[in-house]
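Biologist: I would like to go through a few of the labels used for this model and hear what each one rests on.

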Amino acid sequence: MTILLKKETTLGTQGKAITYELKKLREKVGEIQAQNRPTAYKRAIIWTLLLGLPLFFLFPFFHLIVWFFIYNRNLKKGTIEYKKMIKSKMQELEPIRKGFNGETQVTNILVNGLSDQYVVLNDISIETNKGSFTQIDHLLVCPDRKILCIETKNIKGKFYPHKNGWLWYPTDNYVNTGNKQHVINSPQQQSIYHARQLEYNLKKIGTKLEVEPIVVLTSPEVQWQGNQTPCPVINAEQLLTYVKSKGQETNFNSKEMKRIGEVILSLDKTELIKGSSIINV
């Protein structure tokens with residue numbers, strides 16, 4: 001089984017934080033409704049007696065409708081703002097959840113499908129040659145000492161090359177606009193940038209390793225209609241085949257591979273820059 005040196009991801013951490021906030025907001029709504037419940041019962045009964053029962057014989061079950069409407073109206077008093085916050089947090093969580101699921105899928109494929117001559121590091125944030133920071137989804141250290149720099153995307157639709165990035169025709173409401181097409185930053189260029197910046201960081205500490213960029217699309221409902229240069233774009237089910245085609249296993253043992261992974265891990269600035277902005281091209 002592959003050596004996993006860093007499992008936790010920024011998306012996972014963000015998702016947990018938002019999920020916790022949602023839990024607290026829902027608890028607050030529950031508290032308010034518990035406080036409102038006695039009053040809601042009383043007012044519902046009063047209005048049912050005043051309006052519901054006199055019209056019972058003309059409109060059967062009308063009193064039940066009155067009771068239900070009045071009860072729920074009073075039960076919800078004071079919860080509107082909290083429910084708006086819950087809706088906003090849910091919208092914020094959705095793309096994070098999708099991204100996290102995609103990254104988890106790639107991690108599981110690599111960890112369960114390769115031997116201990118491979119090392120996986122997730123969510124590595126490194127300093128760029130311009131003094132900013134950039135975040136890499138996955139790094140895979142291969143037995144021939146080559147590093148695969150993996151950019152993961154978990155979105156549905158068709159993608160075409162565009163002068164400003166990728167032209168995307170989404171198949172779901174991932175982007176909440178009325179448009180049927182969008183231009184997004186090129187994941188190929190992102191992965192190339194990450195690879196070059198990692199090489200720059202390794203060179204600074206006297207380590208020369210080749211870093212190869214790659215884009216992995218994890219959704220089964222995605223199509224890339226462009227070329228494979230200067231950065232390959234593959235689907236998740238092709239990942240293991242692609243990795244194994246890059247070179248044969250060597251005489252390096254798991255301890256030596258882990259040492260290389262730890263050198264890369266020493267470059268990680270994730271803890272240092274928590275709360276700061278990450279720059280991705």
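Biologist: Which elements do the buried residues of α6 pack against?

Modeller: The model is predicted. In it, the buried residues of α6 pack against the strands β1 (3-6), β2 (119-127), β3 (133-141) and β4 (147-153), and against α4 (187-204).

Biologist: Which residues of α6 are buried, and what makes them line one face of the helix?

Modeller: M257, I260, G261 and I264 are the buried residues. Looking down the axis of α6, they fall within an arc of 100 degrees, and therefore they line one face.

Biologist: How do you know that the span of α6 agrees with its number of residues?

Modeller: Helix α6 covers residues 254-265, which is 12 residues.

Biologist: Why does T152 count as buried?

Modeller: Its relative accessibility is 8%, and buried means under 20%; T152 therefore counts as buried. This residue lies in strand β4. Leaving aside neighbours within four places in sequence, T152 is in contact with G102, E103, V106, D137, H138, V216 and T218.

Biologist: What makes the pairing of the T152 and H138 side chains a polar contact?

Modeller: The distance is 3.2 Å, and the cut-off for a pair of N or O atoms is 3.5 Å. The pair is therefore within the limit for a polar contact.

Biologist: Which element gives the largest share of the lining of the second largest pocket?

Modeller: That is α3, with 10 residues. The lining has 20 residues, and K7, T9, G12, F100 and T104 lie nearest the centre of the pocket. The elements giving two or more residues to this lining are α1 (10-52) and α3 (80-113). The volume of the pocket is about 290 Å³.

Conventions. Residues numbered from 1 in each chain as written. Predicted model: local features only at pLDDT ≥ 70, side-chain atom pairs only at ≥ 80, totals over all residues. Heavy atoms only, no water. Helix = DSSP H or I, 4+ residues; strand = E, 2+ residues; numbered from the N terminus. Expected span 1.5 Å × (residues − 1). Buried < 20%, exposed > 50% of the residue type's maximum accessible area, 1.4 Å probe, protein only. Arc of directions from axis to C-beta. Contact = heavy atoms within 4.5 Å. Polar contact = N/O pair within 3.5 Å; in protein donor to acceptor, adjacent residues only side chain to side chain. 1 Å grid on protein atoms, 1.4 Å probe; cavity = no way out; pocket = protein on both sides within 12 Å on 5 of 7 lines; lining within 4 Å. Points joined across faces, edges and corners; volume = space filled by probe spheres on them.
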